[in-house]
Amino acid sequence: MNGCLRILTGEHQGGFYPLASHTVTLGRAPDNDIVLDDKGISRHHAQITYENKCYFIIDLNTPNGTYVNKRRVLNQPLKEGDIIQLGHCSFQFSLKEVSQDTHLEKKGEASPPQSETITRTEPPKKTSSLRPLLYGMGILCLGLLTWVMMQPTDKKENASKKVEEENNRTTASENGPKTAKDLPELSREAYSLNREKANQFYLSGYRELLSHNYIRALDDFKAALELYPDHQLAKIYLNKTEESITGEVNNNYKSAINYFNSSQYELSVHHFKVVMDLLKYRKPPPGFCAVRAEKKEASPNPDFEKYCDAVQKIEQAQALK
């Protein structure tokens with residue numbers, strides 16, 4: 001990866017931001033990789049990703065939008081020389097290598113734009129043009145294609161083919177598909193539409209994750225992958241959401257136990273309920289907690305154990321109020 005954003009406006013005009021990681025975020029918030037001080041830019045405005053040897057810019061559902069070559073975009077592949085505009089800030093995307101170190105600073109610290117070393121290049125030598133020859137070949141091919149299309153066809157043969165195709169369709173509809181090969185293939189248009197819908201779910205999940213609405217984020221990322229299983233960013237952030245849920249469960253469970261032991265039962269019940277909500281997709285099957293209480297045996301699954309303990313402690317706390 002050797003992409004960069006050349007700064008076209010402002011006091012740092014002429015410098016550049018290197019795109020040194022697979023995902024680079026842009027916005028006013030200090031936790032972005034590239035922090036932009038512009039009131040027309042959202043806190044989390046856009047992100048540039050490197051996927052399948054190509055850079056993409058994704059607008060994070062912002063009110064002012066993200067523009068590439070003066071056209072508002074939602075998810076757009078970038079090519080050499082594209083002009084990107086966020087608020088009043090303009091950049092030029094480039095794939096050319098830069099002479100400075102291209103590592104970004106840690107998130108929360110805006111990476112200052114770097115200067116670029118300009119090397120002189122000699123103008124290319126003039127070569128003989130092949131355009132007249134190419135134009136002549138194109139006209140010849142077009143004339144040949146027109147002649148072929150004007151030739152008469154055998155109407156009887158076409159009619160018999162149509163009848164045969166209709167019979168095959170009728171037979172297939174009556175008997176149904178017998179193997180996976182008999183199933184209709186997904187058209188390119190439908191495949192592209194699924195990807196666009198999946199990207200909408202991904203963007204929604206990304207914003208929910210930033211807002212710490214982990215269950216909603218989890219639902220959105222799963223929906224994106226159901227529509228488009230090859231959505232790499234949805235896979236990455238689905239794993240990050242799962243990790244965030246685990247961390248939040250542990251933190252709330254510890255707080256709930258501390259409040260319970262200090263007889264602050266209302267706060268204890270609140271944190272135990274948060275634990276149960278976060279374990280919506282990890283909770284034990286019905287009746288598991290009752291069997292666990294009778295046998296008085298700890299479960300090897302830590303999520304099951306915390307969920308059942310939360311249920312038991314809530315009942316005890318409500319009885320002690």
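Mentor: Let us begin with Ser-263, which is partly exposed, with a relative accessible area of 46%. Buried means under 20% relative accessible area, exposed over 50%, and partly exposed in between, with a 1.4 Å probe and protein chains only. This is a predicted model, in which local features need pLDDT of at least 70 and side-chain atom pairs count only at pLDDT 80 or more, while totals for chains, interfaces and linings use all residues. Residues are numbered from 1 along each chain as its sequence is written, and side-chain values use heavy atoms, with hydrogens and water left out.

Trainee: Where is Ser-263 found, and what is its phi?

Mentor: Most residues other than glycine have a negative phi. Ser-263 has a positive phi of about 65° although it is not a glycine, and its place is the loop between α5 and α6 (265-278). Asn-69, also not a glycine, has a positive phi of about 55°. Asn-69 is in the loop between β7 (66-68) and β8 (71-73) and counts as partly exposed because its relative accessibility is 39%.

Trainee: How many helices and strands does the chain have?

Mentor: Helices (H or I, at least four residues) and strands (E, at least two) are DSSP runs, numbered from the N terminus. The chain has eight helices and eleven strands. Of its 321 residues, 34% are buried.

Trainee: Which residues does Leu-36 touch, leaving aside those up to four places away in sequence?

Mentor: A contact means heavy atoms within 4.5 Å. With that exclusion, Leu-36 touches Tyr-17, Leu-26, Gly-27, Arg-28, Ile-41, Leu-86 and Phe-91. Leu-36 lies in the loop between β4 (34-35) and β5 (46-51), and it counts as buried because its relative accessible area is 5%. Leu-26 is ten residues from Leu-36 in sequence, and their C-alpha atoms are 7.0 Å apart. For the whole chain, 48% of the contacts with a separation of 6 or more are between residues 24 or more positions apart.

Trainee: Which residues does the disulfide join?

Mentor: A disulfide is a pair of cysteine sulfur atoms within 2.5 Å. The structure holds one, and it joins Cys-289 to Cys-308, with an S to S distance of 2.2 Å. This pair links distant parts of the chain, 19 residues apart: Cys-289 is in helix α7 (residues 288-295) and Cys-308 in helix α8 (residues 302-320). The link of Cys-289 and Cys-308 is left-handed, with -80° about the S-S bond.

Trainee: Is Cys-308 buried or exposed?

Mentor: Cys-308 counts as buried, because its relative accessibility is 2%. Cys-89 is buried at 16%, whereas Cys-54 is partly exposed at 23%.

Trainee: Which residues line the largest cavity?

Mentor: On a 1 Å grid over the protein atoms alone, a cavity is a set of points where a 1.4 Å probe fits but cannot get out, and lining residues have an atom within 4 Å of a point. The lining consists of Thr-49, Glu-51, Phe-56, Ile-58, Asn-75, Arg-195, Asn-199, Tyr-228, His-231, Gln-232 and Leu-233. The elements that give two or more residues to this lining are β5, β6 (54-59), α3 (188-210) and α5 (232-261).

Notes:
1 Å grid on protein atoms, 1.4 Å probe; cavity = no way out; pocket = protein on both sides within 12 Å on 5 of 7 lines; lining within 4 Å.
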